[in-house]
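Good morning, and thank you for coming. I ask that you keep the sequence and the structure in view while I speak.

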Amino acid sequence: MGINRILNHPVLGPVENKKRITFTFDGQTFEGFEGDTIASALLANGIRTLRVHEETGAPRAIYCNIGHCFECRVTVNEADIVRACMTPIQESMAIESGKVQPAPFNTPPEEWPRTYTEYEERNNNQKDGGTNA
Amino acid sequence: MKETIICRCEEVSLEDIVNTANTHNCSAREIKLRTRAGMGYCGGRTCRPAVNAVLEDLTGEKAGHNVPLKVQPPVRPVTLSVLGGNRNGH
């Protein structure tokens with residue numbers, strides 16, 4: 001049940017009789033306890049990178065952990081902008097990390113795609129995918 | 001030290017802000033427009049005080065409210081779909 005889980009806390013005592021909940025993160029199956037947030041369940045499983053910065057690809061994780069900063073936002077069951085630190089895990093939840101987004105205007109204007117078809121071709125024909133980096 | 005990230009949403013470093021402030025001799029609002037610090041997902045609620053503090057350090061002036069389009073951070077950023085009545089964000 002996770003490499004980072006504290007199973008016997010000196011003050012709070014042992015973790016007992018907690019219902020186990022299975023969920024997936026980027027297609028990989030993990031287990032957490034009932035009452036875990038997405039962030040705490042993943043942290044217990046040794047996963048610290050919840051997403052990457054949309055433009056630079058720099059890793060992001062829990063920052064404020066109180067729902068203020070939106071640094072831990074993930075996609076849950078295809079709903080965007082779900083804060084991992086505020087959302088309790090549920091059985092069979094499908095969680096996706098944040099990926100790098102295409103940034104077609106980061107290049108000089110002369111190199112910008114002139115048509116949408118050209119833009120799609122540069123992004124390997126993925127409509128909104130690809131990085132164009 | 002200069003590589004410290006001030007705005008995490010838009011990945012703006014302390015160095016970016018100091019350089020922009022020195023080059024353009026600008027206000028906190030101009031810093032926001034030039035670097036995008038405070039224009040990300042969190043609505044500037046996390047980094048705006050830091051941006052103001054950096055500017056105060058550099059210029060010695062406190063950020064005022066006399067500039068048009070002053071800061072009005074949201075209490076809680078929500079998606080348009082939530083405003084439209086769908087709490088799940090679909």
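What is shown is a predicted model, in which local features need pLDDT of at least 70, side-chain atom pairs count only at pLDDT 80 or more, and totals for chains, interfaces and linings use all residues. Residues are numbered from 1 along each chain as its sequence is written, while chains are lettered from A and ligands numbered from 1 in the order in which they are written.

Let me begin with the cores. A residue is called buried if 20 or more other C-beta atoms lie within 10 Å of its own, exposed if 12 or fewer, and partly exposed in between, with C-beta atoms placed from the backbone. A nonpolar core is a set of buried Ala, Val, Leu, Ile, Met, Phe, Trp, Tyr and Cys residues joined through C-beta atoms within 7 Å. The largest such core has 18 residues, and among those with the most contacts inside it are Ile38(A), Val74(A) and Ile95(A). Strand E3 (20-25), helix H1 (38-44), strand E7 (73-76) and strand E9 (93-96) of chain A each supply at least two residues of this core. Helices (H or I, at least four residues) and strands (E, at least two) are DSSP runs, numbered from the N terminus.

Which element gives the most to this core? It is H1(A), with six residues. A second, separate core has 16 residues, including Ala21(B) and Leu55(B).

Ile38(A) deserves a moment. Leaving aside neighbours within four places in sequence, Ile38(A) is in contact with Val74(A), Ala84(A), Thr87(A), Ile89(A) and Ile95(A); contact requires C-beta atoms, placed from the backbone, within 7 Å.

I turn now to chain B. In helix H1 (residues 14-24) of chain B, the buried residues are Asp16(B), Ile17(B) and Ala21(B). Seen down the axis of H1(B), these buried residues fall within an arc of 125°, so they line one face of the helix; the arc is that of the directions from the helix axis to the C-beta atoms. The face turned away from the buried side of H1(B) carries the exposed residues Asn22(B) and Thr23(B). Just after H1(B), Asn25(B) takes a positive phi of about 50°.

Next come the strands of chain A. Two strands pair if DSSP finds at least two bridges between them. E7(A) and E8(A) pair in the antiparallel sense over three bridges, and Val76(A) has Ala79(A) in E8(A) as its bridge partner. E7(A) is also joined to E9(A) by two bridges, again running antiparallel, with Val76(A) opposite Ile95(A).

The hairpin of E7(A) and E8(A) has two residues between the strands, and there Asn77(A) takes a positive phi near 45°. Is Asn77(A) buried or partly exposed? With 14 other C-beta atoms within 10 Å, Asn77(A) is partly exposed. Asn65(A), in the loop between strand E6 (59-60) and E7 of chain A, has a positive phi of about 60° although it is not a glycine.

Finally, the chains meet. Twelve residues of chain A are in contact with eleven residues of chain B. On the side of chain A that touches chain B, strand E8 (residues 79-83) gives the most, with three residues.

Conventions
Two residues are in contact if their C-beta atoms, placed from the backbone, lie within 7 Å.
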